[in-house]
Amino acid sequence: MSGNEPQLPVLVDARPLLRTSALHLLAWSGVAAMIFVADPVLAKSVWLGAAIAVLPAAFMAWAVFRFRKGTAPREGTRAVYRGELGKFLLTAVLFALAFVEAQPVSAAALFPAFLAALVIQWGLAARHLLRH
């Protein structure tokens, strides 16, 4: 490609979604830091639960929204399937790692934090996508 050819516009830019995910995880880090003073295991569990929700969602945003306008619909569909499969597998692997490698961990804190972060991530992503 020479430098004179026009670039195809991005259908939906993943960068704002990735930035939102990073800020979301940073906010959960602040919550975990406040909890750490009282209970380090609880804080680690809360942070891990949030990370298990946010990181796969960020991966999916990157995988799905990196294609550009003019991309064949079949490629877009494949990107969605690959993104969803990657998100599912990443979530499963992160849960396994949390319970196997990050001991001690409190399941009573990890799962509610995961669900809360997941709901918040959905809301943030929906708000962004509805604006674009």
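Buried means under 20% relative accessible area, exposed over 50%, partly exposed in between (1.4 Å probe, protein chains only). Helices are DSSP runs of H or I, at least four residues, numbered from the N terminus.

A word on the source. This is a predicted model, where local features need pLDDT of at least 70 and side-chain atom pairs pLDDT 80 or more, while totals for chains, interfaces and linings use all residues. Residues are numbered from 1 along each chain as its sequence is written, and side-chain values use heavy atoms, without hydrogens and water.

Take Ile 52. Leaving out residues up to four places away in sequence, Ile 52 touches Thr 91, Leu 94, Phe 95, Ala 98, Leu 110 and Phe 114.

Now the largest nonpolar core. That is a set of buried Ala, Val, Leu, Ile, Met, Phe, Trp, Tyr and Cys residues joined through side-chain atoms within 4.5 Å. This core has 19 residues, and Trp 28, Leu 48, Ile 52, Leu 110, Phe 114 and Ala 117 have the most contacts inside it. Helix 1 (14-36), helix 2, helix 3 and helix 4 each give two or more residues. Helix 2 gives the most, with 7 residues.

Last, Leu 89. Leu 89 also lies in helix 3 (residues 73-101). Is Leu 89 buried or partly exposed? Leu 89 counts as partly exposed, because its relative accessibility is 46%.

Terms used
Contact means heavy atoms within 4.5 Å.
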